[in-house]
Amino acid sequence: MVTGKELVIIGNSHAGLAALQSIRDVDPKCSITIITREEAEPYSPTSLAAFIAGEIREENLKLKNLSFYSDMNASILFGRQVEDLNPKEKETTLADGAKLGYDQVLVATGSVPIVPPISGLSKKEALTLRTVEDAKRIMELAKSSKKAVIIGAGLIGMEVAMSLRKRGLDVVLVEKEKRVLPLYFDDDAASIIEGIYREQGIKVIKGNQLIDVEKGVNAQRLSLESGDRIEADFTLVAVGMRPNVEFILNSGIEIGEGVLVNERLQTSAPSVYAAGDVAQAKGFFGDGRIVTPTVLNAVNQGKVAGSNMVGQAKEFEGSLPMNIFNFFGNVAFSIGISLSEGKDEAVKVLKKIDKENQSFRKLVITDGKLVGCTMINQLVEAGLCQAMIRQGWEVDDVVEHFDNDLASAFRRTVINNSGKEMKRQREEEDR
Amino acid sequence: MTISGVRLKENYIRIHPEKCTGCNMCLYACALKHTGDTDPAGSRMIIVPLDGEKKGYVPLNCLQCAEPYCTEVCPTGAITRNRNGIVSINDDKCIGCLLCTLACPYGGARLDAQANMSMACDLCNGTPECVRLCPEGALEFNGIENVRLQLENSEDLMSKGVPLCAGCPAEMSLRFILRVLGKNTILYVPPSCATLTITGMGELPSCKIPSVHGFLTNSASFLTGVSRHDRRAGRRISMVVYAGDGGTADVGFQSLSGAAERNENIIYICNDNEGYMNTGVQRSGTTPYAAWTSTTPYAASPIPAATGEVGRGKRQAAKEMPWIMLTHGVPYVATGTVGFLSDLELKLRKAMATEGFSYIHLLNPCPTGWGFLPEKTITLARMAVKTNYFPLWEAENGRVRITVKIRAPQPVEEYVRLIGKYDQLDKEHLQELQRQVDHRYKRLQTAASVDRFF
């Protein structure tokens, strides 16, 4: 299909790249311009903790080479920031005053770190992790430091804590909630993960907050809510991310937690689409719209948005909260509704905790369907759990073998059902 | 969820679960190859015991999806499809974040605990150990890479460097054909683009087997004589004509038709680029409907039509040579392209084994005459098949079989929009072309559904 459209993609990470490819699958000729504030080839923030740990070299962080853009016949503007978006005129204004018109635009600007108000810690000075520059700054600090404090035991905080520990620093994690990784793991699972962190020599302080930072001659002196004081060479703030929506606040586009989009990932302005960490889209469960800052979600949304932008109608299946986490050779993942304890009668929870072997398995089932799944150090493949939840396959085999060979039960269910599913799709296509 | 990501794969291990006895040999083979130790924990493959009504085992492995989801979610771009068409993980880039294991709905990627990175089957880059060592034959390796490996040791019978246009598939396909047919071949090339591939540029020919550059009209009758002499002398050499579409469908047709009717021992290969391409892109009998050539221009074209056909490209539909040859009652007829080499290889081997006349019709997209960039030749050869514009089929003794079935054919528009000669095609003519494609495919399906076509 040749649409002859002029498309603009703001953002050059997973969502933007997935959209670019799905646009080109449909229309090989339309004009596409990508605007990114980065100065060079794209990389994923997900890989930065490994970069800090020294597990990957900088040149290997690149998601795509420059030749990718010429292969895709797309022009890319590096180091340019969008200041304003005007859906009425169908025009974007860049920071240097240049204007760029469009037929359709995709907002895929990701998210920015939240810096809570803490006395003695200005928003500008606060150390966060989002870009390669941030990562390099942390690496530079790590070279001359002995002790680091990380505020927030979410995924980023936990991963950077691990990276710095691997570099030989003393690390202290401070978490506001009563457990680590509060959004993904329940108390039992979190305590196993915390145990492994403690074994590795990382100090974890829970239910406590940083309230003041005082700059000393050699080190920072931090005061916590409980009155405790700790000294550190540097402090990283990793309390969470928020959608990067500043530049469209004046555009009249509806914004909730993130940019609100419909099932086609279209915002309240029909020519503007949004995908990835910045978007607030339909959730997989229920009717609500949620912000889901994960790579998989960015790719899924990017693909759907790209197709819709060139007129191939596709509906988004819904964001499924999930994450996988490899720490010191241990694997933990959680997919879907993972925090439920089964207090509601309609919800069935199967749980097996093995503190000695530091392993854990938990399934959440409603109406005979799997809706949530948490595993620590299990053989079950995370992708199979996701397929089960997304497809709503029957869980009988899995429930029956919950206490013994759960991995095989998952694999069997998926083999039997995906075979059927492929056959059904083939028949549909033949018709 | 991309449950349907698996289609039109180039390389994969075909699993026959009914033959698997669960002996775990594949796991040991895989672990040994990748970790240097037979501990099955290092195996990329796993064996799943079935339970319930169907007892047995199913080996589970990376499916080498055509559109792999894992390559898109990898945060360092570590998973890519390499030059050989194999999806694999680059160890220098993998950081062990395991997002690929979360994305893959088939359990193809897992944690390699030893290396603390992701692992997935890489088909041992073309020589899978598990397939080699499976004692029950439950694993079978399929794909283009397999063909390359088989032909790796066979000699390239053409010189390096050939004076054809950049991206010309006539040279690619002839080089491949001669690799499959081998040295025991005599080649006849009538005047056509491909002439240059045998005459060479200087004093020496660029073809290393006996080859003849003859007249345009008598390819088949010339080789009739040579092949009859060959049989009388008690030899059996493959007699191959490699002619253009003009030399086949138009100028050379009467001698071809005669040789086919007499069922001579000839392999006749038509290099169909849909026109007289080396003399200035004139129309031929196989030029498709509505296509531009210098003698079937569009109204706006600055070159007046010699034939007086002014307007919207060629008015007539293309002659269907494979069907014409099939109705001659010859023992073997097939279609092929450079886009599907493993398919073409099999067909060439069948033609070699055929007692009597074989006809193979190759669609060779021509960058110069059709108007597309040289690097798109293979893409176009594949798109022609994916849109059913040029379905791949064969007929052995009249039994018609579709050899590459396309599950979800794309509209022919997806093919023609890539080609310059259809640049001015309007909706009405496009619909007519689509109608012709549908009609022909339906006829092919009907022919394939009957026991014998003749």
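**A helix and its surroundings**

Author: Look just past the end of helix H7 of chain A: A:Gly311 has a positive phi of about 85 degrees there. Bear in mind that this is a predicted model.

Now the helix itself. The end C-alpha atoms of H7(A) are 21 Å apart, and 21 Å is what its 15 residues should span at 1.5 Å a residue, so the two values agree. How many residues of H7(A) are buried? The count is 15 of the 15, so the helix is largely enclosed by the rest of the structure.

One of its neighbours is helix H1 of chain A. H1(A) covers residues 14-26, 13 residues in all. From first C-alpha to last it reaches 19 Å, close to the expected 18 Å. Its buried residues are A:His14, A:Ala15, A:Gly16, A:Leu17, A:Ala18, A:Ala19, A:Leu20, A:Ser22 and A:Ile23. What do these residues pack against? In chain A the partners are strand E1 (6-10), strand E2 (31-35), strand E7 (104-107) and H7 (295-309). Helix H2 (69-73) of chain B is a partner too. That takes us across to the other chain.

Chain B puts 35 residues in contact with 41 residues of chain A. On the chain B side, several elements each supply at least two residues: strand E2 (46-50), strand E3 (56-60), H2, helix H3 (99-103) and strand E6 (110-112). H3(B) gives the most, with four residues. By type, that side of chain B divides into 21 nonpolar, seven polar and seven charged residues.

Step back to chain A. It is divided into domain 1 (6-111 + 242-309), domain 2 (132-239) and domain 3 (329-426). The C-alpha centres of domains 1 and 2 lie 31 Å apart. Eight residues of domain 1 are in contact with nine of domain 2. The domain 1 side of that contact has seven nonpolar residues, one polar and no charged.

Chain A as a whole has 10 helices and 25 strands. Its radius of gyration is 23 Å, close to the 22 Å that the globule rule gives for 431 residues, so the chain is as compact as a globular protein of that length. The C-alpha trace spans about 60 × 60 × 40 Å along its principal axes. Buried residues make up 46% of the chain. Of the contacts with a separation of 6 or more, 64% involve residues 24 or more positions apart.

Along its principal axes, the C-alpha trace of chain B spans about 70 × 60 × 50 Å. Of the 454 residues, 48% count as buried. Among contacts between residues at least 6 apart in sequence, 66% join residues at least 24 apart.

Take B:Val241, in strand E11 (residues 238-244). Is B:Val241 buried or exposed? It is buried, because 27 other C-beta atoms lie within 10 Å, and 20 or more is the cut-off. Leaving out residues up to four places away in sequence, B:Val241 touches B:Tyr188, B:Ser219, B:Ala220, B:Leu223, B:Ile266, B:Tyr268 and B:Ile269. B:Ile266 is 25 residues away from B:Val241 in sequence, yet their C-alpha atoms are 7.5 Å apart.

E15(B) pairs with strand E13 (residues 332-337) in the antiparallel sense, over three bridges. B:Glu396 is the bridge partner of B:Tyr332. E15(B) also runs antiparallel to strand E16 (residues 399-404), joined by five bridges. There B:Leu392 stands opposite B:Val404. E15(B) and E16(B) form a hairpin with two residues between them. In the turn, B:Asn397 has a positive phi of about 45 degrees.

Methods
Residues numbered from 1 in each chain as written. Chains lettered and ligands numbered in written order. Predicted model: local features only at pLDDT ≥ 70, side-chain atom pairs only at ≥ 80, totals over all residues. Expected span 1.5 Å × (residues − 1). Buried ≥ 20, exposed ≤ 12 C-beta atoms within 10 Å, placed from the backbone. Contact = placed C-beta atoms within 7 Å. Domains from an automatic or database assignment. Nonpolar A, V, L, I, M, F, W, Y, C, P; charged D, E, K, R; others polar. Pairing = 2+ DSSP bridges. Rg over C-alpha atoms; globule rule 2.2 N^0.38 Å.
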